[in-house]
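Hello,

Here is the structure I promised to pass on. Please open it first, then read my notes below.

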Amino acid sequence: MNKTDLLIIGAGAAGISAACAAWDAGCRSIVLTDRLDSPGGILRQCVHEGFGLAEFGAELTGPAYADRLSERLSCTGVLFLPGREVLALTKEKTAVLSGSGGIEQVGFKRLILASGCREKTIGSLPVAGPRPAGIFTAGQAQEMINLCHWDLGSNIVILGSGDLGMILARRFTLEGKRVVSLVEQNKRYGGMARNYRRCIEAYQIPIRYRRTIRELHGMPRLTGVTVENLESGEREKLPCDTLVTAIGLIPERELIRGLEKEEWLSLAGNCKKVHDLADSAAAEGAALGRQIGEQLAKGNTA
Amino acid sequence: MKDFDAVVIGGGLLGCFAARNLRRWNLHIALLEAREDICTGISRANTAIVYPGYDHKPGTLKAEMCLRANAGFAALCRELDVDFHRCGSLMVSFGENADMVLQKKYENGLIMGVPGLRLLSGQEAREIEPVLAQGISSALYAPGTGTVNPWKLGIAACENAAANGAEIFLNTRVQGISRTSEGYRIEACGEAFSCRAVVNCAGLFSDRIQELLFPAAVRIAPNAADYLVLDRAAGVRPSHIIQYEPEDGGKGFNAVPTAEGSLLLGPSERENEADFAVSTEGLSFVCEGARRVLPGLDLMQTIRSFAAVRPNPRGKDGRSIGSFVIEHPGPGFWSFIGIKTPGLTCAEELGAYAAERIAAELHAEHNPDFDPLRPGIPCVRNLPLPERAALVRENPDFGEVICRCEDVTKAEVLEAIRRGAVSVDGVKRRVGTGMGRCQGSRCTRAILELLSGELNVPVASVRKDGPGSEILEGAHE
């Protein structure tokens with residue numbers, strides 16, 4: 001079994017920042033692992049600008065921000081284990097990793113979980129109708145459009161007007177697709193004002209407020225959605241071939257189920273709480289990494 | 001013209017088991033499925049319960065088959081390498097009327113010889129199932145009830161039939177049947193099949209298939225039903241199948257802790273609907289039942305809702321027929337029309353029933369080479385770590401997790417495709433990808449790429465399930 005002082009799960013903004021900060025604090029035994037083959041996590045699919053303002057004084061794209069973080073990581077002695085899924089954590093402070101190279105166990109003194117979040121899906125909503133092709137979550141759509149260069153559809157309805165929903169609306173528009181409407185249950189858009197201005201106002205994309213989706217239409221491919229006005233109860237059918245759901249993020253903590261109270265465990269980034277900005281997830285990771293790094297460095301010299 | 005001894009029409013659960021059982025005899029068998037994959041009609045959605053058999057009138061075929069099938073279910077699943085959880089069931093009541101119903105079922109079960117049945121008080125029921133609601137007046141406990149994944153079972157039977165020499169024809173919709181001097185001639189998508197015997201297992205279309213040649217005495221009235229699936233992390237989780245017998249005699253409700261670990265709630269029931277579309281009212285009905293019986297359930301942990309369709313047989317007078325309808329309108333021609341609950345439980349029994357009768361009619365000999373064993377796709381999630389590590393050493397693809405929620409690896413997905421999955425849902429039905437809490441949002445990309453690569457088709461032509469369900473509109477390769 002491999003052993004390390006500090007194991008960090010997830011090489012996104014929070015995980016990389018935690019690793020670098022722990023190194024800078026004097027901890028010399030750090031393993032950072034990620035399921036993807038290169039560091040950066042979800043940043044790699046966020047091709048829009050708006051990252052790194054706090055840290056690098058420039059508005060970077062997600063991949064550029066990830067590159068900066070990765071460069072910083074490569075200047076440390078942190079051992080990066082890419083292409084590994086963490087299968088399990090035990091009370092005995094071991095992690096079981098699975099990759100094409102084999103199943104490995106890594107023992108640790110401290111653990112930082114920086115596993116990000118997952119998306120809520122349409123399945124969690126009481127929506128009537130068939131279950132056709134043409135329904136994506138926002139993150140999934142972003143991955144398919146930006147990393148794979150795939151076309152998802154031509155006429156798109158987006159459920160939810162958080163940052164992800166608004167950014168995707170612009171992305172679809174730039175790809176030459178028609179965003180039929182965003183559908184938002186509240187009276188105001190969900191994301192930051194900056195994204196509303198840049199993504200929605202600038203491209204004159206319609207948002208329907210105080211509405212939600214009640215029914216899907218079409219089989220085998222989506223042909224429309226029925227939208228209900230939450231105040232009047234009035235219903236409207238919006239023809240579309242694609243529905244993207246941007247209805248919320250859930251911190252990804254399945255790995256630590258039953259271990260939440262272990263004192264060796266700390267959380268950073270979106271798995272702790274969903275941050276508006278990657279920069280603040282990174283800052284949280286850095287602060288935690290520094291603190292744990294110092295403790296571990298002290299413990300080893302004492 | 002393709003020549004067979006017997007042709008099975010329909011590749012649902014029943015058709016797959018009919019084909020498997022026909023190969024126990026020295027018969028040349030074809031199975032014709034209209035769609036691009038098997039188990040994509042009625043079989044793709046149901047309550048997944050293997051019933052103990054206390055519900056049916058003693059002496060009827062349904063009662064006998066269900067009892068026998070339940071007793072042999074674990075052995076069947078061992079042969080076919082499919083997970084079967086004999087978790088037992090508790091049917092609960094909240095008052096005198098429903099207590100009576102339970103009492104009758106209990107007495108009926110005793111006459112039938114259903115093993116281990118016990119009638120419990122509400123308190124006794126809560127002792128063995130603490131998540132049950134207060135106020136339960138009685139419970140019928142059946143230790144033999146179990147749960148199995150219906151698609152996995154059907155697909156396993158089909159693979160076993162094929163391994164034993166049955167020929168499977170997909171995308172082969174039957175359009176005409178005629179009599180010949182030897183037996184029958186079946187026209188399907190420009191192909192002709194001649195045979196001496198036919199097993200009509202066409203599910204929702206079985207009445208129409210029979211009418212291609214014979215009058216059908218019964219018609220199928222499809223009923224739709226709604227279900228909810230809760231994440232395996234949903235907190236309160238019963239360890240038994242919970243069934244609810246309402247005091248007003250209305251439609252009951254089931255909560256099934258599935259073999260995959262999720263919790264299946266349902267069904268609601270709606271008449272004369274056949275389109276697999278979910279109804280909001282149906283979902284509300286299911287939620288109300290869940291709250292009544294399992295008040296601690298966190299319904300916010302719902303990860304999916306779906307609709308099922310059942311073939312409800314009705315006689316000429318329009319009345320619903322409770323028993324299995326098995327017709328024999330001509331020599332060698334057997335029709336399963338309107339096989340609903342407990343069709344999943346009895347699939348092997350029904351298949352054997354058809355096979356035995358056809359073998360007798362055709363004077364067939366036993367097939368000494370029939371091998372009942374079907375090796376499943378290795379499921380790493382269920383393996384102890386050293387065995388899992390050994391698999392990865394053998395094949396690195398077993399190390400690469402594709403579906404994080406259900407812990408399914410690249411090797412399993414590739415094997416699903418090699419065994420016949422041609423769509424994202426086809427992979428799902430074989431290895432369970434996308435059935436977990438993220439509902440495929442994190443693995444669909446990888447599965448699209450694997451399907452595209454293995455089937456050597458552009459990624460934009462990969463489908464969710466069947467023609468017209470392409471997931472993408474295009475791709476800039």
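**Where the chains meet**

Start with one pair across the contact: Arg445(B) forms a salt bridge with Glu143(A), with 3.1 Å between the closest N and O atoms. Keep in mind that this is a predicted model.

The count of salt bridges between chain B and chain A is five. There are also 14 residue pairs in polar contact between these two chains, both residues being at pLDDT 80 or more. On the chain B side, several elements each supply at least two residues that touch chain A. They are helix 7 (280–293), strand 19 (302–314), helix 9 (385–394), strand 22 (401–403), helix 12 (444–455) and strand 24 (474–475). The chain B side divides into 20 nonpolar, 13 polar and 12 charged residues.

The contact as a whole takes 43 residues from chain A and 45 residues from chain B. Together the two chains bury about 3,500 Å². Carbon and sulfur atoms hold 54% of that area.

Strand 11 (residues 150–151) of chain A pairs with strand 24 of chain B. The sense is antiparallel, over two bridges. Asp151(A) has Gly474(B) in strand 24 of chain B as its bridge partner.

**A salt-bridge network**

Over all chains, the structure holds 53 salt bridges. One of them joins the side chains of Glu254(A) and Arg118(A), at 3.0 Å from N to O. This pair links distant parts of the chain, 136 residues apart. Glu254(A) sits in the loop between strand 19 (249–251) and strand 20 (265–267) of chain A. Arg118(A) sits in strand 9 (residues 117–119) of chain A. How exposed is each partner? Glu254(A) is partly exposed, at 21% relative accessibility. Arg118(A) is buried, with a relative accessible area of 7%.

Both residues belong to a network of salt bridges. Its members are Arg118(A), Glu252(A), Glu254(A), Arg257(A), Asp231(B), Arg437(B) and Arg442(B).

Look next at strand 18 (residues 263–266) of chain B. Leu263(B) and Leu265(B) point one way from it, and Leu264(B) and Gly266(B) point the other way. All of them are buried.

Which strands pair with strand 18 of chain B? Strand 15 (residues 219–230) of chain B runs antiparallel to it, joined by three bridges. There, Val229(B) has Leu264(B) as its bridge partner. Strand 17 (residues 253–257) of chain B also runs antiparallel to strand 18, joined by four bridges. There, the bridge partner of Ala255(B) is Leu265(B).

Strands 17 and 18 of chain B form a hairpin with five residues between the strands. Gly261(B) takes a positive phi in this hairpin, near 110°.

Pro267(B) lies in the loop between strand 18 and helix 7 of chain B.

Glu271(B) lies in that loop between strand 18 and helix 7, and Arg314(B) lies in strand 19 of chain B. Their side chains meet in a salt bridge, at 3.8 Å from N to O. The two residues are 43 residues apart in sequence, so the pair ties together separate parts. Glu271(B) is exposed, with a relative accessible area of 54%. Arg314(B) counts as buried, because its relative accessibility is 18% and the cut-off for buried is under 20%.

Another salt bridge in chain B joins the side chains of Glu211(B) and Arg219(B), at 2.9 Å from N to O. Glu211(B) is partly exposed, at 36%. Arg219(B) is partly exposed too, at 38%.

**Backbone points in chain A**

- The peptide bond from Met219(A) to Pro220(A) is cis, with omega near 5°. Pro220(A) lies in the loop between strand 15 (211–217) and strand 16 (224–229) of chain A.
- Lys93(A) is not a glycine, yet its phi is positive, near 60°. Its place is the loop between strand 6 (85–90) and strand 7 (94–99) of chain A. Lys93(A) is partly exposed, at 32% relative accessibility.
- Arg210(A) also has a positive phi, near 55°. Its place is the loop between strand 14 (207–208) and strand 15 of chain A. Arg210(A) is partly exposed, at 25% relative accessibility.

Best wishes

Note on methods:
Residues are numbered from 1 along each chain as its sequence is written. Chains are lettered from A and ligands numbered from 1 in the order in which they are written. This is a predicted model: local features need pLDDT of at least 70, side-chain atom pairs count only at pLDDT 80 or more; totals for chains, interfaces and linings use all residues. Side-chain values use heavy atoms; hydrogens and water are left out. Contact means heavy atoms within 4.5 Å. Buried area is the accessible area (1.4 Å probe) that two parts lose on being put together, summed over both. A salt bridge is a side-chain nitrogen of Lys or Arg within 4 Å of a carboxyl oxygen of Asp or Glu. A polar contact is a pair of N or O atoms within 3.5 Å; within protein, one must be able to donate a hydrogen and the other to accept it, and residues adjacent in sequence count only if both atoms are side-chain atoms. Ala, Val, Leu, Ile, Met, Phe, Trp, Tyr, Cys and Pro count as nonpolar, Asp, Glu, Lys and Arg as charged, and the others, Gly among them, as polar. Two strands pair if DSSP finds at least two bridges between them. Buried means under 20% relative accessible area, exposed over 50%, partly exposed in between (1.4 Å probe, protein chains only).
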